[in-house]
Structure formats: C-alpha cells, structure tokens
Amino acid sequence: MSAYPNPTLHEGPNGLELEGVSLVALAERHGTPSYVYSREALSAAYRAYASALEGHRARIFYAVKANSNLAVLNLFARLGAGFDIVSGGELSRVLAAGGKAGEVVFSGVGKSAAEMRQALEAGIRCFNVESAAELERLAAIAAQMGKVAPIALRVNPDVDPKTHPYISTGLRSNKFGVAFDEAMTLYRRAATLPGLEVSGIACHIGSQLLDPAPVAEAADKILGLVDRLAAEGIALDHIDLGGGLGIRYKDETPPSPAAYLAPLLERFSGRSEEICLEPGRSLIGNAGLLLTRIEYLKPGVEKNFAVVDAAMNDLARPALYDAFHDVVAVCPGSRGTPQRYEIVGPICESGDFLAHDRELNVAPGELLALLSAGAYGMTMSSNYNTRPRAAEVMVDGNRSWLIREREQVADLYRGEQVLAAD
Ligand code: LLP
C-alpha cells in the first residue's frame, strides 16, 4: 500500500507535490481553498477499467455527478468514456465539454418533461427509466416530438450493498428503480408504446462498495430477468450494472476494477449483450484533493481546533455522512510537538468539521491537504454563509491549469433583487 491513496502525490523538496507540481506553489498562485486534481491519476483510473474490459463488448459511462468540471468531462471523453447524467444541467455540461449525446445515459427518479425534451432533441443513447409514470410520460413526449426514445428500465434488484444507508440504492425500501416483480409487466407495456424502443436494462445498488459479491448477486437477478424477457420476444441489447466501486479513504482495501469486474465478466461470457458501467468515485475520487490553509490554531479545554479556510460548504461529506478524509500537512516538518486537532471551518455550525482528532505538527498559516476529495467534493459544494466556491486546478506533469476560477461574492447575489416598492 503506498503512503497516499493517490500515487501521483509525493513529497518534494518544498513539501507535497501532485505529479510534478508543488502544492505550495499552487496555493500561492490560486489561493485557498482550492480543489486540485491529477490528470495522470484520473487517466490511470480510467485505464484500469478499460484494460479490465478489453476484449469484451463493454462501455464505461462516467457518472458526471461525481465531478462535473468541464475539464474533467473533456478528459474522460478523450479517454473514450460515455457519460451517465441525472439532469438536463449535466447533459449541457457534457455537450459543452465536447462529449457526444449519443454516448449519454440518463438516470434519475424525477426527470422533468423539459429534461426529457432536451435529451430527445440532443439524441441521447438511453433513458434509464425509474417508474411506470415516467415510462408513460417519456412515451407521450417522444411521440409528440416525432421521436423514438431508447429506454432501459432501472430495476431495483433488492440486494444489500453493505454500504452507508444514504448511498445504498438497490434495496426495496429505496426510492430508486422499478420493483423487480413489476419489471416484466412494465417491459411488456414499453414494448407496445410507439414512442419507445426497448434497448436495455439498468441497475445500480449503491456507492463506495468494497465487496464485489452484492453486485454479482444483482447481476444474477438481472440476467435471469433478461432471459425471461428474451423468451417473450423482448430482446435487450445492453445491461447496465451502474457504478459503485469504492476507493481507499483510510484503510479500506477495495478490489481493483479488474477484480471487481471479474465475476461480472464471467457471467457475461457467451452472452451477446453489451455490459455497461457507470463508475464515478473510482475514476476521480483519489485523483483530487482539497488544499486549505490554517487560519488559527485554537487550543481548547477538551479539544484543540485547527480552523482552516475550507468548510462544510466546500466539502460536505464529513458533515453529511461522517465520512473520513485523510488530512496531511503539505510541508511536513518537526517544528514542535504534534497535537491532536479537530479540523474545522469558519461556518457557524458545530457540524462544520472536516476531520476529527487528527495528529498534526503544524502552525497557523500552513497548508493542509484533504485527500480523496476528487469525487462528490466540488459537485456537492454550496454557498452557505455566502462563501464563494473554491477554485479548481488540474495538474498535468509539470504544468497546471486553472479549470475553474474561484467564485466572486458578486456572483453569489447576481439575480437577487430588493423590493422595488416601499
Ligand atoms: N449510477 C447511478 C445511477 C448513481 O446513482 C450513482 C451514484 C453512480 C452511477 C455512481 O456511483 P459511484 O461509482 O460514484 O459510486 N454523495 C455520495 C455518493 C452518492 C452516489 C449517488 N449515486 C458520497 O459523497 O459518498
């Protein structure tokens, strides 16, 4: 196990470097808090999937929700990925980044009529339909537009992914997908609707999965259903097994993409359907970090606090899921005695913490890096406390690119109005 979950992060003469770029230099150039990503790390993560899938009829649809920066989307498009989207906004981003509509699948339980029209107009590859009502709405809209919507039903296989309850999605009690027992009836219905073309089947059981067994169990159920549909003359061309592969945040030992996919590919041998995957976190999570500066060290009676300039609005995962992100000093040194700190932001809530009880040997003004923050970091950030969102930077060898400017305060109240009358 390397010291850091991102192999492109290493110690240099002036503290930590991502690829060939010093984090101290990036903080000086772009300020803090900033998200910093490694192009090599995200490319390597993609290549690990691509090589595991080589020789198979397979396709990767990067889950845009994990990190939707245009530069990130553009790099994945260039690597050959399609995209899994959950909103019209994400579709616009994919197209703006140079992605192709024909390589887009559209998931989500609440697609609006406007989003369906936008996606039909663009000509996306498939709608992953999540309810009977959505199926009817999509069929009607497509027919009105004189188009045919390619569809997969997202089926809820009712397996326990053994992950955090907020990010498990394949249980019967979750809001996602159509119930397994309802799927046959809905496929028969879909096959009769002129606005629809039945193309595939989809499922996604949860996120940060560390054990391949539940996905293989879901695949067995799905393949059984596919065979029963074929026996009725409803032939499917692709089987989408969603995303979900976990990453190392602390001491987890997730399977490699190859090990995760092996039991699935085994089940597909001798079958003609295309296997589709929607990974997000495992492609970008460990490629990114959040760079932040210590404003104050605040010794306390019970706890010591390191107050940093990033907060829960920048990285919501600790506050939301009690998620662990490793915290490392960018310039490690022996300046004094290491202390244990609560790493907290400036927001006016006790829930505004980034990490608990971490041993650090640091001084005010120094830089910290919160690791494994490339997925569900920037995309879940907010402007709470009127805090402009962070800058984003992509490192590529010895070069770095500002891929999103830091927001300005004036951006935050653009569009707001005071009352015109007394
Ligand atoms: N496909 C569908 C239909 C999904 O709902 C998701 C994630 C993915 C693919 C990608 O899953 P991944 O490969 O990234 O695990 N905000 C949470 C994670 C929420 C995941 C939601 N769906 C977090 O920060 O942990």
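**Notes on the cavity, pocket and ligand site**

1. A cavity here is a set of points, on a 1 Å grid over the protein atoms alone, where a 1.4 Å probe fits but cannot get out, and lining residues have an atom within 4 Å of a point. The volume is the space filled by probe spheres set on the points, which are joined across faces, edges and corners. A search of the whole structure turns up one cavity of 30 Å³ or more.

2. Before going on, keep in mind that this is a predicted model, where local features need pLDDT of at least 70 and side-chain atom pairs count only at pLDDT 80 or more, while totals for chains, interfaces and linings use all residues. Residues are numbered from 1 along each chain as its sequence is written, and side-chain values use heavy atoms, with hydrogens and water left out.

3. What lines the largest cavity? You'll find P5, N6, L9, N286, G288, L289, L371 and S372 there. By class that gives four nonpolar, four polar and no charged residues (nonpolar: Ala, Val, Leu, Ile, Met, Phe, Trp, Tyr, Cys and Pro; charged: Asp, Glu, Lys and Arg; polar: the others, Gly among them).

4. Now the second largest pocket, with about 510 Å³ of space. A pocket is an open set of points with protein on both sides within 12 Å along at least five of seven lines. Its lining has 26 residues, and P5, P7, I247, R248 and N286 lie nearest the centre. Two elements, α2 (39-53) and α10 (281-284), each give two or more residues to this lining, and α2 gives the largest share, five residues. Helices are DSSP runs of H or I with at least four residues, strands are E runs of at least two, and both are numbered from the N terminus. The lining splits into 17 nonpolar, seven polar and two charged residues.

5. On to the ligand. There are 18 residues around the ligand, and S207, E278, R317, Y321 and Y376 come nearest (being near takes a heavy atom within 4 Å). That shell has six nonpolar, six polar and six charged residues. Domain 1 (9-38 + 285-413) and domain 2 (107-279) both contribute to the shell, so the ligand lies between them; the domain bounds come from an automatic or database assignment.

6. Which side-chain atom lies 2.3 Å from an oxygen atom of the ligand? It is a polar one of S207. A polar backbone atom of R281 is 2.8 Å from a ligand oxygen, and an N or O atom in the side chain of K65 is 3.4 Å from one.

7. P33 sits in the loop between α1 (23-30) and β4 (34-38).

Key: Polar contact = N/O pair within 3.5 Å; in protein donor to acceptor, adjacent residues only side chain to side chain.
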